[in-house]
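Please keep the picture open beside you and find each residue as we reach it.

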Amino acid sequence: MSGLLSLTPSQLLSDPAGSAMVVMDSVARNVAAEGWFYGQFAAAILLGLTIDLVRRRDLVARYWTRSVRVDGVYAILEFLHLIQFAVILPVGLFFTRALQAWAPWLEVKALADLPIWAQLAILFVVTDFCVYWWHRLQHESRIVWQFHKTHHSQINLNVMTTFRATVIDRIVALAVMAVPAAVMQVDAAMPVAIAAVLQFHQLIIHSDSGWSFGPLDRVFVSPSFHEVHHSSLEPHLDKNYGGVLSIWDQLFGTWVARGDAPLVYGLVGERLPESWLSQQIVPGVGLWRLFRERSALPAPSGDIAT
């Protein structure tokens, strides 16, 4: 093993200069290997800032807020990949392989035998279809909403809001996405690879740019389309669920037009703590409140009216 992980305490003490070079070399190699990811993020940030300047927005009021700084913490953790490698990816691999081992009846052999490009195309469409229904359940179920509402708590929508999601929410979502991978007998790394390719799309649709794809909004999710999903205005609530393809919203009646009113973001009637650590326990707190509400309801009467 070479690089950062090969360093031992004795090496650090006996050769600090050499150890520092190893650390710098390891960081440089990792940054170079993930240049595409950092490049996508930088391009999305630049696009958002350019639109802000063209529209003469107040950058201080827009970005110098506690909520945006919390998004910055989410982004930093995303760049470091600590949570992905330590928790999310291992759990996703476990679910995929568990389904393949314990539920082999899920496999559709005809799909598993297709060329890789065909598998990727079908997997993308099927996964996006699952994303739509899972996203819809996140909003329509009071229980599942407790895991998702953190993502909608940002009142200053920005590129980094893409990463605003609790660890448990991401784990559950990845577990759901493991099902189409198991059906096609592919590894979880394939949907993860698809997600990586589509990362730039996810970044720009959270940029609050108002950018529309015009007639293509009926097929693909544009920034304008997804901003409506984050809007807390009454006509927009629980609409426009699509991940990449907006056709599902057209088919299942959840599409709504943006309209002319300025959008307002954030939760309706609720504010979450603006702290990364506090937001990780939001699902648990929400579930406890739901349980207390249910417990406080009067028991149904067994009397029969006469």
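1. Let's begin with glutamate 78, which counts as buried because its relative accessibility is 8%. Buried here stands for under 20% relative accessible area, exposed for over 50%, and partly exposed for anything in between (1.4 Å probe, protein chains only). The side chain of glutamate 78 forms a salt bridge with that of arginine 170, at 2.8 Å from N to O. For a salt bridge, a side-chain nitrogen of Lys or Arg must lie within 4 Å of a carboxyl oxygen of Asp or Glu. This pair connects distant parts of the chain, since arginine 170 sits in helix α10 and glutamate 78 in helix α5, 92 residues apart. Arginine 170 is partly exposed, because its relative accessible area is 27%.

2. A word on how to read the numbers. This is a predicted model, so local features are reported only at pLDDT of at least 70 and side-chain atom pairs only at pLDDT 80 or more, while totals for chains, interfaces and linings use all residues. Numbering runs from 1 along each chain as its sequence is written, and side-chain values use heavy atoms, leaving out hydrogens and water.

3. Now the overall picture. The chain has 16 helices and 0 strands; these are DSSP runs numbered from the N terminus, with helices (H or I) of at least four residues and strands (E) of at least two. Of its 306 residues, 42% count as buried. Among contacts (heavy atoms within 4.5 Å) with a separation of 6 or more, 72% are between residues 24 or more positions apart.

4. Helix α5 deserves a slow look. After α5 comes histidine 81, with a positive phi near 60°.

5. What does aspartate 71 touch, beyond its neighbours within four places in sequence? The residues in contact with aspartate 71 are Gln154, Asn158, Met160, Thr161 and Arg164. Its side chain makes polar contacts with those of glutamine 154, at 2.7 Å, and threonine 161, at 2.8 Å. A polar contact is a pair of N or O atoms within 3.5 Å; within protein, one must be able to donate a hydrogen and the other to accept it, and residues adjacent in sequence count only if both atoms are side-chain atoms. Aspartate 71 also forms a salt bridge with arginine 164, at 2.6 Å from N to O. Arginine 164 belongs to the loop between α9 and α10 and aspartate 71 to helix α5, so the pair ties together parts 93 residues apart in sequence. Both partners are buried.

6. Another pair to find is arginine 62 with aspartate 52, a salt bridge of 3.2 Å from N to O. Arginine 62 is in helix α4 and aspartate 52 in helix α3, 10 residues apart. Aspartate 52 is buried because its relative accessible area is 0%, and arginine 62 is buried with 9%. The network of salt bridges here links Asp52, Arg57, Arg62 and Asp208. The whole structure holds 11 salt bridges.

7. Is histidine 152 buried or exposed? Histidine 152 is buried, because its relative accessibility is 4%. It lies in the loop between α9 (142-148) and α10 (167-183). Its side chain makes a polar contact of 3.2 Å with that of histidine 229.

8. Finally, check two backbone angles. Most residues other than glycine have a negative phi. Arginine 56 has a positive phi near 55° and sits in the loop between α3 (35-54) and α4 (59-63). Arginine 56 counts as exposed because its relative accessibility is 78%. Aspartate 238 also has a positive phi, near 55°, and is found in the loop between α13 (223-230) and α14 (247-252). With a relative accessible area of 38%, aspartate 238 is partly exposed.
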